[in-house]
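Subject: Structure handover

Hello,

Here is the structure for you to look through. Please open it beside this email and follow along.

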Amino acid sequence: MFKVLALLACLVVAVFAQYPGHGYEHKEQYAHPKYKFEYGVKDPHTGDHKSQWEVRDGDVVKGAYTLHEADGTERVVEYKSDAHNGFEANVKKVGHAHHPQVYGGGPVSHGQPEYHHGAGASYASVDKHYY
């Protein structure tokens, strides 16, 4: 009896394979991607200034971001992407770089450099632990 049922199941599968309109038909579901977002940071304590925005509608993405560099300039990147042209970015540097005339390096003591907090000093405070 088992062999008869197995043979009957094989016949049913073969019939549905010949006539794909009769039976289960897999259809891809497509959701049109669409979003927009933006964010920004402007922290006077750390000097962290940046922003970004992006818009997507289907396969077309457009956006930009800005970033304040350590040398005082601002990097501006505008980008777009689509199925026909691929990814394109336009990068600009706004302003003039300012570098300190004297760097903090000084005499060497016991093989380790001594760092002084001058015009080019970092605002970060690092607590190092050695084990």
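How many bridges join β4 to strand β5 (residues 86-94)? Nine bridges join them, and the two strands run antiparallel. Two strands count as paired if DSSP finds at least two bridges between them.

Some ground rules come next. This is a predicted model, in which local features need pLDDT of at least 70, side-chain atom pairs count only at pLDDT 80 or more, and totals for chains, interfaces and linings use all residues. Residues are numbered from 1 along each chain as its sequence is written, and side-chain values use heavy atoms, with hydrogens and water left out.

**The overall layout**

The protein chain has one helix and seven strands. Helices (H or I, at least four residues) and strands (E, at least two) are DSSP runs, numbered from the N terminus. Along the sequence the pattern is α-β-β-β-β-β-β-β.

The protein chain has 131 residues, and 10% of them are buried. Buried means under 20% relative accessible area, exposed means over 50%, and partly exposed lies in between (1.4 Å probe, protein chains only).

The protein chain exposes about 11800 Å². Carbon and sulfur atoms supply 59% of that area. Accessible areas come from the Shrake-Rupley method with a 1.4 Å probe; for residues, only the protein chains shown count as cover.

Residues 24 or more positions apart account for 11% of them. A contact means heavy atoms within 4.5 Å.

**Walking along the strands**

Start at β1 (residues 34-43). It is joined to β2 (residues 48-57) by 10 bridges, and the two run antiparallel. Gly40 has Ser51 in β2 as its bridge partner. The β1 and β2 hairpin has four residues between the strands. In that turn, Gly47 has a positive phi of about 80°.

Next, β2 pairs with β3 in the antiparallel sense over eight bridges. Ser51 stands opposite Thr66 in β3. Two residues lie between β2 and β3 in their hairpin, and Gly58 in the turn has a positive phi of about 70°.

Then β3 (residues 60-68) meets β4 (residues 74-82). Eight bridges join these antiparallel strands. Thr66 has Val76 in β4 as its bridge partner. This hairpin has five residues between the strands, and Gly72 takes a positive phi near 95°.

That brings us back to β4 and β5. Their hairpin runs through three residues. Lys80 stands opposite Glu88 in β5.

In a regular strand the side chains alternate between the two faces of the sheet. Keep that in mind for the next stop.

**The aromatic side chains**

Phe37 is found in strand β1. Together with Tyr35, Tyr39 and Val41, Phe37 makes a nonpolar surface patch of about 340 Å². Patches are made of residues with over 30% relative accessible area and no salt bridge: like charges are joined within 9 Å, nonpolar side chains (Val, Leu, Ile, Met, Phe, Trp, Tyr) within 5 Å.

The structure holds two aromatic pairs. One of them is Tyr35 and Phe37, which are stacked: 6.4 Å centre to centre, with 25° between the planes. Rings of Phe, Tyr and Trp (its six-membered ring) pair if their centres lie within 6.5 Å; planes under 30 degrees apart count as stacked, over 60 as edge-to-face and the rest as tilted. Tyr35 is partly exposed at 35% relative accessibility. Phe37 is partly exposed too, with a relative accessible area of 35%.

**The salt bridges**

How many salt bridges are there? The count comes to three. A salt bridge is a side-chain nitrogen of Lys or Arg within 4 Å of a carboxyl oxygen of Asp or Glu.

- Asp48 and Lys50 meet at 3.6 Å, N to O. Asp48 is partly exposed at 27%, and Lys50 is partly exposed at 31%.
- Glu69 and Arg75 meet at 2.5 Å, N to O. Glu69 is partly exposed at 24%, and Arg75 is partly exposed at 29%.
- Asp71 and Lys93 have their closest N and O atoms 3.6 Å apart. This pair links distant parts of the chain: Asp71 is in the loop between β3 and β4, Lys93 is in strand β5, and they are 22 residues apart. Asp71 is buried, at 15% relative accessible area, whereas Lys93 is exposed at 57%.

Best wishes
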